[in-house]
Amino acid sequence: MYQRAVRDRLARPPGKPPCPVIVVGNLVAGGSGKTPVVAALAASLSAAGYAVSIITRGYGGGAGG
C-alpha cells in the first residue's frame, strides 16, 4: 500500500502555481519560530503593496467557515 501511494504521488505531473510562493518550514514540528516569521513576512509584503495569503497545514487543524 505504501509503495502504491509513493508511486502515485511521484507520477503526478509537477504543477506550477500562477503566482510566487514562499514556503516557511523545516523539520522541526513546533517551537522553532515559524509563526512569527510568517507574520513578519506577511506584514512586510503587505506593506509593500503585495496581496498576501497564508495557507497552513497545521497538526489537527480545521478551518471553520
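In the predicted model, a nonpolar surface patch is formed by Ile22, Val24, Val37 and Leu41, whose accessible area together is about 310 Å². Of these residues, Leu41 is located in helix α2. Its relative accessible area of 31% places Leu41 in the partly exposed class, because that class lies between the limits of 20% for buried and 50% for exposed residues.

Two residues of the patch, Ile22 and Val24, also belong to the lining of the largest pocket, where they are among the residues that lie nearest the pocket centre, together with Val23, Ile54 and Ile55. The lining comprises 29 residues in total, and the pocket holds about 1,100 Å³ of space. By class, 17 of the lining residues are nonpolar, ten are polar and two are charged.

Val21 is situated in the loop that connects α1 (2–11) with α2 (34–47). With a relative accessibility of 54%, Val21 is classed as exposed, since the threshold for exposure is set at over 50%. Val21 and Ser53 are 32 residues apart along the chain, and a distance of 9.7 Å separates their C-alpha atoms.

At the level of the whole chain, the secondary structure consists of two helices and zero strands. The chain has 65 residues, of which 2% count as buried, that is, have a relative accessible area under 20%.

Technical notes: Residues numbered from 1 in each chain as written. Predicted model: local features only at pLDDT ≥ 70, side-chain atom pairs only at ≥ 80, totals over all residues. Heavy atoms only, no water. 1 Å grid on protein atoms, 1.4 Å probe; cavity = no way out; pocket = protein on both sides within 12 Å on 5 of 7 lines; lining within 4 Å. Points joined across faces, edges and corners; volume = space filled by probe spheres on them. Nonpolar A, V, L, I, M, F, W, Y, C, P; charged D, E, K, R; others polar. Helix = DSSP H or I, 4+ residues; strand = E, 2+ residues; numbered from the N terminus. Buried < 20%, exposed > 50% of the residue type's maximum accessible area, 1.4 Å probe, protein only. Patch = residues over 30% accessible without salt bridge, like charges linked within 9 Å, V, L, I, M, F, W, Y side chains within 5 Å. Areas by Shrake-Rupley, 256 points an atom, 1.4 Å probe, with all protein chains shown as cover. Salt bridge = Lys/Arg side-chain N within 4 Å of Asp/Glu carboxyl O.
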